Amino acid sequence: MPERAIAAKLEADETVTGLVGDRMYVALLPQESDLPAIVYRRTSEEEVGSLAGSSALAMAAIEVNALAEEFAQARALAKAIRDALRYASGELGGVVVQTIVPAPDDADELLPLPGAEEGVHRIVKNYVVWYEED
């Protein structure tokens with residue numbers, strides 16, 4: 001469910017879609033996909049409770065990967081993603097989001113991709129999505 005919120009926010013952002021079009025994928029980049037692209041996945045989820053019992057609030061960690069052939073493209077895409085997601089709230093993709101908070105970590109790397117002559121630059125950023133469960 002929080003993945004829908006991430007997708008909706010990114011798909012609605014003109015800067016992001018100007019860079020990747022509709023090349024946003026859950027979990028895996030399809031073979032022979034054009035770049036730049038975004039791949040996102042949930043890495044953890046936790047229900048939030050209190051002394052009074054369960055609440056309707058949940059937290060999910062979402063990893064978002066900015067992939068591009070050139071490092072500068074990957075960096076620009078990662079910035080556009082961050083600008084779109086940082087502290088977003090409201091109803092996003094049918095999910096009531098309290099806030100999306102960037103985690104204080106990111107990583108840059110050059111990945112070999114099957115069939116590619118050169119590697120692909122990937123910038124990984126994690127976001128914490130606080131949202132209301134159904």
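A: The largest nonpolar core has 31 residues. Ile 6, Leu 10, Ile 38, Val 64, Ile 81 and Ile 100 touch the most other members. A nonpolar core here is a set of buried Ala, Val, Leu, Ile, Met, Phe, Trp, Tyr and Cys residues joined through side-chain atoms within 4.5 Å. Buried means under 20% relative accessible area, exposed means over 50%, and partly exposed is in between (1.4 Å probe, protein chains only).

This is a predicted model, in which local features need pLDDT of at least 70, side-chain atom pairs count only at pLDDT 80 or more, and totals for chains, interfaces and linings use all residues. Residues are numbered from 1 along each chain as its sequence is written, and side-chain values use heavy atoms, with hydrogens and water left out.

Now zoom in on Val 64. Leave aside its neighbours within four places in sequence. Val 64 is then in contact (heavy atoms within 4.5 Å) with Ile 6, Ile 38, Val 39, Tyr 40, Ile 81, Leu 85, Ile 123, Val 124, Lys 125 and Tyr 127.

Next, look at two helices. Two packed helices are described by the angle between their axes and the distance between the axes. α1 and α3 pack at an angle of about 110°, with their axes 9 Å apart. α1 is therefore roughly perpendicular to α3. Axes are lines fitted to C-alpha atoms, for helices over the stretch in contact, and angles run from 0 to 180 degrees between N-to-C directions. Angles under 35 degrees count as roughly parallel, over 145 as roughly antiparallel, 65 to 115 as roughly perpendicular and the rest as oblique. From α1, the contact uses Ile 6, Lys 9 and Leu 10. From α3, it uses Ile 81, Ala 84 and Leu 85. By class, this contact has 5 nonpolar, no polar and 1 charged residues. Ala, Val, Leu, Ile, Met, Phe, Trp, Tyr, Cys and Pro count as nonpolar, Asp, Glu, Lys and Arg as charged, and the others, Gly among them, as polar.

Turn to the strands. Tyr 131 sits in strand β6. It counts as buried, at 1% relative accessibility. Tyr 131 and Met 59 are 72 residues apart in sequence, and their C-alpha atoms are 6.4 Å apart in space. Beyond its neighbours within four places in sequence, Tyr 131 has contacts that include Met 1, Pro 2, Glu 45, Met 59 and Val 95.

Val 95 belongs to strand β5. Val 95 is buried, with a relative accessible area of 0%. Neighbours within four places aside, Val 95 is in contact with Met 1, Arg 4, Ala 5, Gly 90 and Tyr 131. The C-alpha atoms of Val 95 and Asp 134 are separated by 8.5 Å, and the two residues are 39 apart along the chain.

Asn 126 is also worth a look. This residue is found in strand β6. Asn 126 is buried, with a relative accessible area of 16%. Not counting residues up to four places away in sequence, Asn 126 touches Ile 62, Glu 63, Val 101, Pro 102, Ala 103 and Asp 105.

Step back to the whole chain. It has 3 helices and 6 strands. Along the sequence, the pattern is α-α-β-β-β-α-β-β-β. Of the 134 residues, 37% count as buried. Among contacts with a separation of 6 or more, 58% come from residues 24 or more positions apart.

How confident is the prediction, as a mean pLDDT of the chain? The mean is 89, and 87% of the residues reach 70 or more. pLDDT is the predictor's confidence in each residue, from 0 to 100. Confidence is lowest in β5, at a mean of 82, and highest in α2, at 98. Where pLDDT is low, the predicted coordinates should not be read in detail.

Definitions and conventions:
Helices (H or I, at least four residues) and strands (E, at least two) are DSSP runs, numbered from the N terminus.
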